[in-house]
Amino acid sequence: MNYVFDFGVVFEKMPELLLGAASTLGLAIAGISLALIIGVLGVAARSSKYRLMRGAVIAFVEVVRNTPFLVQIFFIFFALPMMGIRLNPTVTAIIALAVNGGAYAIEIIRGGVESISKGQVEAGLALGLHKFQVFRLIVLKPAIRTIYPSLVSQFIMLTLTTAVCTSIAAYELTSVAQMIESDTFRSFEVYFTITIMYLFISSIMMGLFALISRHFFSYPTR
Amino acid sequence: MIPIGANEMLFLMQGLKWTVALAAIGFVGGGVFGILIALARTAKRKWSRTLTAGYIWVFQGTPLLMQLFVVYYGVALFGLSIPAWVAVAIAFTLHASAFLGEIWRGSIEAVPKGQTEAANALGLHYVSRMKDIILPQALKISLPATIGFLVQLIKGTSLAAIVGFIELARAGQIISNQTYRPLLVFTIVGLIYFALCWPLSRLGARLESRMAKAAR
């Protein structure tokens, strides 16, 4: 092996990489927020009294979870303009992330809601709690606590998936790296550096989510 | 616009062949290394637990696409002129070994402690305790998650398209560029992935609910 590593050219571009990382975080936060909204609405729609509605949600979840994100983002990228909607690649990427994350969120949140037994609600009402109190304290909080770990790992997965958005030239860390690569031809150095940056981002996120969990969900259950 | 004919479908099927091959190599290779990682992760020695925890942390904390890029360009640095598919297969194997290792660690730890104690009381040594007592039970516990990861891996092979490897997704891109019918092409490609993944997902869900019922 007589290759000489040169990380210098990569570090020269650090400001650009940091901007890309910030954009990756922005994509992730937007995607996660929209995915949560889709998740809650989807669970509501899934327990609708209209069969068609329930079927549509189930089909949506199954199709999204059983096809690659890359194919989904291409599909959305080409489908939107045909419907007369012209958006820049970064907004398109957010939509794709929201759709993908939303399908997983529906499955996870549904599991949480189903984990609350009916007796709990009845007990709450019998104790004289208001309907809203029952929902907030007896249904919502324990349900969130139950699904929290899977929701968090799904969010981190979504954050890492933002890298795929480079395929439609959305502005984020990987696409910035690809531009730097084509300028400097230092492929390994560039990708190695941003891999470390991704590891940093996901580790910080995991730490933050653990802190939140310790603050809100550390109460005894039995 | 150019119609999608037999030639285009044949090209997609050749891509599909590579998708299946990559997923199979990644799953088998990842399975072999994954079991070693799971064992090292649950071993008595602290350094082996720390080392494998670090390995899993790196592969679960970075995008699969970056793992592909780093391995792809990394092997080239060593002056190894190996075919592209080998580089990609190495990346998927490393990726799968970390995820399967973590899934199987959880399953090994989910086997009731009494089983280990009983095996010790019977005087079984480590190898036969693992091989005959713990791993068979852990395997059963891990099946739904393992199948879930296989689906994840099949979908993940589509990222090889971004490094230029012609599997199903890349074949779809090429056909789409040639025929100017992206929606039709990506619908077909999506349906092929769905036909591959959905039965597996159903199987995993069925096993999971059966096990949940048995546990009750």
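Two residues are in contact if their C-beta atoms, placed from the backbone, lie within 7 Å. The model shown is predicted: local features need pLDDT of at least 70, side-chain atom pairs count only at pLDDT 80 or more, and totals for chains, interfaces and linings use all residues. Residues are numbered from 1 along each chain as its sequence is written, while chains are lettered from A and ligands numbered from 1 in the order in which they are written.

**Figure 1. Chain A, an arrangement of nine helices and zero strands.** Helices (H or I, at least four residues) and strands (E, at least two) are DSSP runs, numbered from the N terminus. Along the sequence the pattern of chain A is α-α-α-α-α-α-α-α-α. Its C-alpha atoms fill a box of roughly 75 × 45 × 30 Å along the principal axes. Of the contacts in chain A between residues at least 6 apart in sequence, 78% join residues at least 24 apart. A residue is buried if 20 or more other C-beta atoms lie within 10 Å of its own, exposed if 12 or fewer, and partly exposed in between, with C-beta atoms placed from the backbone. In chain A, 35% of the 222 residues are buried.

**Figure 2. Chain B, an arrangement of eight helices and zero strands.** The pattern of chain B, read along the sequence, is α-α-α-α-α-α-α-α. A box of roughly 75 × 50 × 25 Å, taken along the principal axes, is filled by the C-alpha atoms of chain B. Buried residues are 39% of the 216 in chain B. Among contacts in chain B with a separation of 6 or more, residues 24 or more positions apart account for 76%.

**Figure 3. Packing of α2(A) and α9(A).** Two packed helices are described by the angle between their axes and the distance between the axes. Axes are lines fitted to C-alpha atoms, for helices over the stretch in contact, and angles run from 0 to 180 degrees between N-to-C directions. Helix α2 (residues 14-46) of chain A packs with α9(A) at an angle of about 40°, the axes being 11 Å apart. The two helices α2(A) and α9(A) are therefore oblique to each other; angles under 35 degrees count as roughly parallel, over 145 as roughly antiparallel, 65 to 115 as roughly perpendicular and the rest as oblique. The crossing of α2(A) past α9(A) is right-handed; a crossing is left-handed if the near helix is turned anticlockwise from the far one by less than a right angle, and right-handed if clockwise. A:Leu17, A:Ala21, A:Thr24 and A:Leu25 of α2(A) make the contact with A:Ile194, A:Met197 and A:Ile201 of α9(A). By class, the residues of this contact are six nonpolar, one polar and no charged; Ala, Val, Leu, Ile, Met, Phe, Trp, Tyr, Cys and Pro count as nonpolar, Asp, Glu, Lys and Arg as charged, and the others, Gly among them, as polar.

**Figure 4. Crossing of α6(A) and α7(A).** The axes of helix α6 (residues 118-126) and helix α7 (residues 131-161) of chain A come within 10 Å and cross at roughly 140°. That angle makes α6(A) oblique to α7(A). The crossing is right-handed. On the α6(A) side the contact is made by A:Gln120, A:Val121, A:Gly124 and A:Leu125, and on the α7(A) side by A:Val134, A:Ile138 and A:Val139.

Figure 5. Most residues other than glycine have a negative phi. A:Ala169 counts as partly exposed because it has 16 C-beta neighbours inside 10 Å. With 11 C-beta neighbours inside 10 Å, A:Phe185 counts as exposed.

**Figure 6. The side of chain A that touches chain B.** In this interface 30 residues of chain A are in contact with 30 residues of chain B. Helices α3 (51-65), α4 (69-82) and α9 of chain A each supply at least two residues of the chain A side. The most come from α9(A), with 10 residues. The chain A side divides into 20 nonpolar, eight polar and two charged residues.
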